[in-house]
Amino acid sequence: MAEVIYTRPNVIAKGRNTRGEREERIVDIVVCPESLRDQQQDYVGTEESSKSLGTGRSQRPDAVIATKCQIWAVVVLLGLLSVVMLARLIGLAVQHKKTVSMDRDVEQLLQRLKNVTEQRDSVNSQQCCPSGWDKFGMKCYRISNVLGSWNKSREFCFSQGADLVVVDSKEKMDFISRYDSYFWFGATDVAGEGMWRWVDGTVLSLDNPSWSRGGPQGGGDSNCLLRAYELNQFKWTDESCDTITVGLCEQNVIK
């Protein structure tokens with residue numbers, strides 16, 4: 001009697017396939033949350049197919065699910081780019097606002113400076129010098145009408161509310177050049193040989209190009225600054241303070 005050999009269905013293999021499908025679908029749900037609903041529908045369809053057809057796996061629309069994930073990623077990326085661009089635009093707007101504000105402040109400062117300058121010029125125009133004095137800037141000048149030593153010339157300037165002239169700028173030196181005569185300046189080294197100072201206490205430089213022969217030459221008995229004529233031009237020279245000549249007086253303008 002021939003034995004009838006029945007082939008036993010491979011239930012274990014089928015069970016493994018079904019469990020593999022479930023694990024794979026769980027992974028798909030984690031990777032792409034948006035496809036959860038489609039995955040559940042596919043899973044139900046797979047179970048039904050397994051029961052009716054006896055197969056362990058059905059075909060899933062993987063390409064469709066991958067496309068949806070890519071679209072979701074692109075949307076997120078575009079959203080981030082939009083936020084970055086908006087922040088940049090806000091920064092540019094703030095910077096532009098600051099620039100406009102600074103320009104406006106500069107214009108206001110320039111206008112204020114102009115107003116102050118006009119007020120100063122107006123005040124200066126109302127200030128004047130006594131009769132017989134020449135005005136330059138905020139100072140008045142005149143040659144003393146009394147011959148005398150350096151000290152006598154200074155005393156005359158004192159009597160006029162002035163002092164011997166102090167040369168502290170090239171502009172003032174150019175103005176003084178209009179006077180065509182010898183006269184005393186307000187400088188001396190009586191307090192210390194070789195340490196020349198103006199009567200206002202400031203130092204008289206020995207390197208000043210106005211010096212005759214490059215600097216003072218007289219020695220211990222020549223301690224006062226005199227304007228002298230040399231080589232067709234006036235220069236500074238140190239002379240005895242007892243030399244008789246006039247002095248150039250200087251005082252502030254009066255209101």
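**Exercise 1.** Which residues form a nonpolar patch on the surface, and what is their accessible area together?

*Solution.* The model is a predicted one. The patch consists of Val 74, Leu 77, Leu 78 and Leu 81. Together these residues have about 370 Å² of accessible area. To place one of them, take Leu 81, which lies in helix H3 (residues 62-126). The relative accessible area of Leu 81 is 44%. Buried means under 20% and exposed means over 50%, so Leu 81 is classed as partly exposed.

**Exercise 2.** Determine the strand order of the open sheet of four strands, and state which strands stand at the edges.

*Solution.* The order is S1-S2-S8-S3, and the pairing is antiparallel. Strand S1 (134-136) and strand S3 (163-164) each have a single partner strand, so one side of each lacks a neighbour in the sheet. Next, consider the pairing of S3. Its partner S8 (residues 248-252) runs in the antiparallel sense, and two bridges join the pair. Within S8, Glu 250 is the residue that stands opposite Asp 163.

**Exercise 3.** Locate Leu 204 and decide whether this residue is buried or exposed.

*Solution.* Leu 204 sits in the loop between strand S5 (197-198) and strand S6 (224-230). Its relative accessibility is 4%. The cut-off for buried is under 20%, so Leu 204 counts as buried. The next step is to list its surroundings. Beyond neighbours within four places in sequence, Leu 204 contacts Ala 187, Trp 196, Arg 197, Trp 198, Trp 211, Leu 225 and Trp 236. Finally, Val 166 is 38 residues from Leu 204 along the chain, and their C-alpha atoms are 9.6 Å apart.

Definitions and conventions
Residues numbered from 1 in each chain as written. Predicted model: local features only at pLDDT ≥ 70, side-chain atom pairs only at ≥ 80, totals over all residues. Heavy atoms only, no water. Pairing = 2+ DSSP bridges. Patch = residues over 30% accessible without salt bridge, like charges linked within 9 Å, V, L, I, M, F, W, Y side chains within 5 Å. Areas by Shrake-Rupley, 256 points an atom, 1.4 Å probe, with all protein chains shown as cover. Salt bridge = Lys/Arg side-chain N within 4 Å of Asp/Glu carboxyl O. Buried < 20%, exposed > 50% of the residue type's maximum accessible area, 1.4 Å probe, protein only. Contact = heavy atoms within 4.5 Å.
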